[in-house]
Amino acid sequence: MILLTPVSNVIVQGITGREGTFHAERMQEMGTRLVGGVSPGKGGGDHLGVPLFNTVAEAVAATGADATGIFVPPPFAADAIREAAEAGLSLIVCITEGIPIQDMIRVKSYLKDFPRARLLGPNCPGLITPGVGKIGIIPAQISSPGAVGLVSRSGTLTYEAMAVLTRAGLGQSTVVGIGGDPVLGLSFSDVVELFEHDSQTTHLVLIGEIGGSDEERAAQRLRGTRLKVVAFISGRTAPEGKRMGHAGAIVSGNRGTAKSKVEAFQAVGIPVAETTDQIVELLKA
Amino acid sequence: MKLLEYQAKEVLQSFGIEIPPGKIARTPEEAAAAAREIGTVAVKAQVPVGGRGKAGGIKLAQTPEEAAAAAGQIIGMEIKGFRVPLVYCEGALDIKQEIYLGFTVDRDARANILMLSARGGMDIEAVAEETPDAIARLYPNPWRGPLDFEVRRLVFEAGLGALAGPLTKVVRQLYRAIPEQDALTAEINPLVVTGEGRVVAGDAKLETDENAAFRHKELEERYSTVIEGDQYEVEAKKRGLTYVSLDGHIGVIGNGAGLCMGTLDLVQRAGGRAANFCDIGGGAKAEVVQNALEVILMNPQVKGVLINVFGGITRADEVARGVVEARAALNMKLPLVVRLSGTNEEEGKRILRENGIEPGDNGWEAAQKIVELTR
């Protein structure tokens, strides 16, 4: 298992909101060590049986938390990430969808001063270590503990793959949704690196999609890996965006297309599944 | 939001960047009047997409009569799916040199990138591919913006040192689009150096971040109503749906962007072509499904619809009832295949079957079924 282990102490930022409450309860149900919540102005109270704090720093001082799930609205989410990093948390999972890209670019620059802080997301389903806990919104009932690592850019497609694996008797070590935004925290390569060094994980499923070149770089990283890997790329038939201007093309050239990604995996001997069911066939092959 | 050229130029002008004299025209008469005032003009289609020159959307007019004729031809024409609502009549420039200047988000670097090249104009993408060194690049710190020496270095690296004075100024002015307007792309190509040595924006592209619209209401209010997109996309946007028109005949609804894209791939793999991409987001509420179906059925090309919903904790029987109701409410007669998973999946499938809707066990099987039914 990676990132979220039985000793992780988790808080939720935005725990008193509708989404925060609903998902914090689901996190508790599956045994996640939820030790507190942050909701400015409500410090001193409690919610879902855990204490509330006004600031992340207070929560960390009182509970020894080392991980957080962020469920705050988009205009405030970038600041919530920075507050978590500054308070010393090592795992920051941002579920919020719709954060302005320029806010995230500033967050990425800010996080350079906090090399210990790992950001997952934003606009991601979070992560789950089956049988141990989860931060985020991945449904626990379709997971099962095992040796397959799963890393994905998509939400529902991740669930789909998990369900297929679980049905085939292939449990998961940890499932990580890195998120669908253009500017992200952990990349495919970062997560692949963690799985590579995790003794529980023997197989890896990587679900990518068109855009950016994180998949291509992860493929390079996986050359000669000890893991048995299967990739899946969605958006193979998506039409070229109705683009304006040349700046995007100058930066990315031919990288980012489904073809480029599929070829990058095939070039290092990693098979690419065409349907989610094929993922299982290829893992077992 | 992708601004039209004249809108982007208004924004650049507000930053202090020089633009040629120009006027928008919605009719040939207005174009003639603009030409009488300005002189020789380029009559330019206003659409939020590149490649309009090659599509015949830009014509040079020496006289008011020629401007009227050009406007008559261009207004109403369709360029890459966009109907041209109006033209921009712009004074012709005495061009001595064409420079490329652009900002965008480099998603791999997770940073803004600023690019400058002495070889601006239509072929900049070819320049980037064949001689990448001809484009100078800078990743400014997003908190403080580019520093003076960084901009100066960029200008010299681009081989444009002779124009260091005016260019460093324009670079700084264009950069304002990032902190002040949440621009995702801001581009001037060509940035024209005139015979008299002035630096003028010959064209302008500006795309702002819709996620940041909450802090830029003025831009949205001022410009968003002018752009006429694909009619189904416009309708879907009004209803708050994530929808992209495609050119096939199978309507597709999915929850989650990745799953939805994956469904398009499955339809093509099964030998069909999707008519659209429509992501209804997490969950699958009955009214959202009905809303999406309604927009999809407006398109006469659609011969059948595939719904692919992965529920997780969503109750499949509730989704099934919602689909049945939506189909009845819309009096839909076309084939419909629904792939549902989630809690109470079997009950959901039974409800679908009883109501004459074909359930699919998984996305691939469902895609094959809808392709078969619409053949």
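## The core

A nonpolar core is a set of buried Ala, Val, Leu, Ile, Met, Phe, Trp, Tyr and Cys residues joined through C-beta atoms within 7 Å. Buried means that 20 or more other C-beta atoms lie within 10 Å of a residue's own, with C-beta atoms placed from the backbone. This is a predicted model: local features need pLDDT of at least 70, side-chain atom pairs count only at pLDDT 80 or more, and totals for chains, interfaces and linings use all residues. Residues are numbered from 1 along each chain as its sequence is written, while chains are lettered from A and ligands numbered from 1 in the order in which they are written.

The largest nonpolar core has 213 residues. Those with the most contacts inside it include A:Ile81, A:Ile92 and B:Val43.

## Helix α2 of chain A

Helices (H or I, at least four residues) and strands (E, at least two) are DSSP runs, numbered from the N terminus. In α2, residues 56-63 of chain A, the buried residues are A:Val56, A:Ala59 and A:Val60. They fall within an arc of 100° seen down the helix axis, so they line one face. The arc is that of the directions from the axis to the C-beta atoms.

The cover over these buried residues includes β1, β2, β4, β5 and α3 of chain A. A:Gly64 follows α2(A), with a positive phi near 70°.

## Where the chains meet

Contacts join 49 residues of chain A to 59 residues of chain B. On the chain A side, α4(A) gives the most, with six residues.

Technical notes: A residue is buried if 20 or more other C-beta atoms lie within 10 Å of its own, exposed if 12 or fewer, and partly exposed in between; C-beta atoms are placed from the backbone. Two residues are in contact if their C-beta atoms, placed from the backbone, lie within 7 Å.
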